[in-house]
Amino acid sequence: MSLLIKVLGLTRTTLQSTLIKRDIPVRLISSSHTCYQEESNTIENSNEIENTDEIIVDPAKDRRQVIPVETSIEYMLSSAYKQTYGDDPVWTKYRRNHKGQFPSRKTRKTCVRGGIISTGNPCPICRDEYLILDHRNVKLLEQFISKHTGEILSYRKTGICQRRYKQLLVAVLRAKEYGTLLLDVPLREYDYSEWYNEKTQQH
């Protein structure tokens, strides 16, 4: 019996050595249970790592460079911004891409993942790297505020992603606290004589 166990052990070791040399997945058989061990090729893994380092990122989709707010403010006043957007807000000509006939209730979570744009149709803020949401960039914040009510426009209308919408809320609140953003809602005067008679006005 002991001789049979030794012979089986020797055959198992020889099979393992021959299979490993051939780069074939090894199946280890033990007396209690059966387990499978896949041995990966180290040469292929090293080649994959080298290939990932050689991936070229499109400069138009690269958002890893941090742009200061002062540059964004100067861009809002430049001729390049005027030529791109004109007098309209930055979200006016934007159209969302969505599956099916009706758009989803919320916009996408984010357009940028790992510092690189991960979608083919980024939101109005993510597509232009020089648009920075900050409490000092008042000209940009005013485009996302209703002129009639003074409230922030919904992301369903502007189409910005959820990440930029949260940044917009924080920037508007800070602008109100610092006093850089002043909201003056126009006062309308009504002629109440059209709804009330002279007798009711005397009472």
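Which residues have the most contacts inside the largest nonpolar core? Before I answer, a word on the model. It is predicted, so local features need pLDDT of at least 70 and side-chain atom pairs count only at pLDDT 80 or more, while totals for chains, interfaces and linings use all residues. Residues are numbered from 1 along each chain as its sequence is written, and side-chain values use heavy atoms, with hydrogens and water left out.

A nonpolar core is a set of buried Ala, Val, Leu, Ile, Met, Phe, Trp, Tyr and Cys residues joined through side-chain atoms within 4.5 Å; buried means under 20% relative accessible area, with a 1.4 Å probe and protein chains only. The largest such core has 29 residues, and V90, I125, L131, L140, F144, I160 and L168 have the most contacts inside it. Two or more residues come from each of α3 (69-76), α4 (79-85), α5 and α7. With five residues, α7 gives the most.

Let us turn to α7. Helices here are DSSP runs of H or I with at least four residues, strands are E runs of at least two, and both are numbered from the N terminus. The buried residues of α7 are Q162, R164, Y165, L168, A171, V172 and A175. Their cover includes β3 (112-113), α5 (138-141) and α6 (155-158). Leaving aside neighbours within four places in sequence, L168 is in contact (heavy atoms within 4.5 Å) with L133, L141, F144, I152 and I160.

After α7 comes G179, with a positive phi near 85 degrees. Finally, Y192 lies in the loop between α7 (162-178) and α8 (198-202).

Methods
Buried means under 20% relative accessible area, exposed over 50%, partly exposed in between (1.4 Å probe, protein chains only).
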